[in-house]
Amino acid sequence: MLDTRRLNSKDKVIVTAALTGAVTTKKDNANLPTQPEEICKSALECYAAGAAVVHIHVRDEEDGASMRYDRFEAAVSRIRETGCPVLLNLTSSGGQGFGWEERIKPFKALKPELASFDAGTMNWLNTVVFMNEPGFLELCGKEMIEAGVKPEIEIFDMGMLNTAKYYLKKGILKAPAHFQLCLGAPGGMEATTENLLYLVNHLPEDCTWSAFGIGKGANEVMMAALALGGNIRVGLEDNVYYNAGIKAESNAQFVERVKRIAAELGKSLATPEEAREILGIK
Ligand code: ZN
């Protein structure tokens, strides 16, 4: 049987803070950062709490989902100007219905360390089609290689993992790949330990991986992923509640919880420098 850790560190946990996302609003949680200065502030707080990576979406002036380049540029430049070493992971989806070029431009121009690569199309939240057609994925993979941006391959179901393995074989994605196992999104696999273990057991041998759960399975998936040697994603993109019925105070609050639980397992949170090493990012 393969080691469930794969290439993950034995004693370091990379925490990615997913700050904003495309779905949740300030009505769901008033602490959601949506504007560039709020996103920057939240990124710095998460770094201070122990996050090595921040996953960034942007919104327009009215807080609507957006892939506008000027908004990405504003958020990214603010963070970089502070000198904070946190690794940046930009979304390449940003919501629904955006064109190929506008999905690719932010990572292509701003060259973050990582960018999301959603390895397949799905019925998103039982409302719309989250389009990731083959032509787009081929273009996206090629552009990431050219820009020197590491894909964070988002997996919502087993079919997407098979698709990612196909692109690894075809050279659209390069090994060692980094996977984000996303559980609990309606339309994808449910956030359970059983589903997490199933996906982990089917990952390629030479990869790193991280996981998160959305909704009521969030804490279960976080603790199961820690037990299996995984890295962890947390944040208001995925959960507006800290615990059942209790809204989160900030993105950093989620990071602090992972730090405490990891410590009980004899692990500490990876610094951005250590995360680079683990993920093979120069
Ligand atoms: Zn995202």
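Analyst: A crossing is left-handed when the near helix is turned anticlockwise from the far one by less than a right angle, and right-handed when clockwise. On that rule, α7 passes α8 in a right-handed crossing. The model is predicted: local features need pLDDT of at least 70, side-chain atom pairs count only at pLDDT 80 or more, and totals for chains, interfaces and linings use all residues. Residues are numbered from 1 along each chain as its sequence is written, and side-chain values use heavy atoms, with hydrogens and water left out.

User: Why are α7 and α8 called oblique to each other?

Analyst: Helix α7 covers residues 218–227 and helix α8 residues 251–264. Helices are DSSP runs of H or I with at least four residues, strands are runs of E with at least two, and both are numbered from the N terminus. The two helices pack at about 40°, with axes 11 Å apart. Those axes are lines fitted to C-alpha atoms, for helices over the stretch in contact, and angles run from 0 to 180 degrees between N-to-C directions. Under 35 degrees is roughly parallel, over 145 roughly antiparallel, 65 to 115 roughly perpendicular, and the rest oblique. An angle of about 40° falls in the rest, so α7 and α8 are oblique.

User: Which residues make the contact between α7 and α8?

Analyst: From α7 come Asn 219, Met 222, Met 223 and Leu 226. They meet Arg 257, Val 258, Ile 261 and Ala 262 in α8. Contact means heavy atoms within 4.5 Å. The contact residues divide into six nonpolar, one polar and one charged. Here Ala, Val, Leu, Ile, Met, Phe, Trp, Tyr, Cys and Pro count as nonpolar, Asp, Glu, Lys and Arg as charged, and the others, Gly among them, as polar.

User: How do α2 and α3 pack, and what makes up their contact?

Analyst: Helix α2 (residues 69–81) and helix α3 (residues 100–110) have axes that come within 10 Å and cross at roughly 30°. The crossing is right-handed. Tyr 69, Phe 72, Glu 73, Val 76 and Arg 80 in α2 meet Lys 105, Pro 106, Ala 109 and Leu 110 in α3. These residues divide into six nonpolar, no polar and three charged.

User: What makes a residue a donor of the zinc ion?

Analyst: Distance does: donors are N, O and S atoms within 2.8 Å of the metal (3.2 Å for Na, K and Ca), and water is not among the atoms, so sites may look incomplete. The protein donors are His 55 (NE2), His 57 (NE2) and Glu 237 (OE). They lie 2.0 to 2.2 Å from the zinc ion, inside the 2.8 Å limit. Their spacing along the chain is H-x1-H-x179-E.

User: Why is the pair of His 55 and Glu 237 said to tie parts together?

Analyst: His 55 lies in strand β3 (residues 53–56), while Glu 237 is in the loop between β13 (231–234) and β14 (241–243), so the pair links parts that are 182 residues apart in sequence. Both residues are buried. Buried means under 20% relative accessible area, exposed over 50%, and partly exposed in between (1.4 Å probe, protein chains only).

User: Why does Met 122 count as buried?

Analyst: Its relative accessible area is 4%, and the limit for buried is under 20%. Met 122 is in strand β8. Not counting residues up to four places away in sequence, Met 122 touches residues including Val 128, Phe 156, Met 160 and Pro 186. Met 122 and Phe 156 are 34 residues apart along the chain, with C-alpha atoms separated by 8.5 Å.

User: Is Leu 161 buried or exposed?

Analyst: Buried, at 0% relative accessibility. Leu 161 is in helix α5. Leaving aside neighbours within four places in sequence, it is in contact with Ile 155, Phe 179, Leu 199, His 202 and Leu 203.

User: Which peptide bond is described as cis?

Analyst: The bond from Ala 175 to Pro 176, with omega near -5°. Pro 176 is in the loop between α5 (158–170) and β11.
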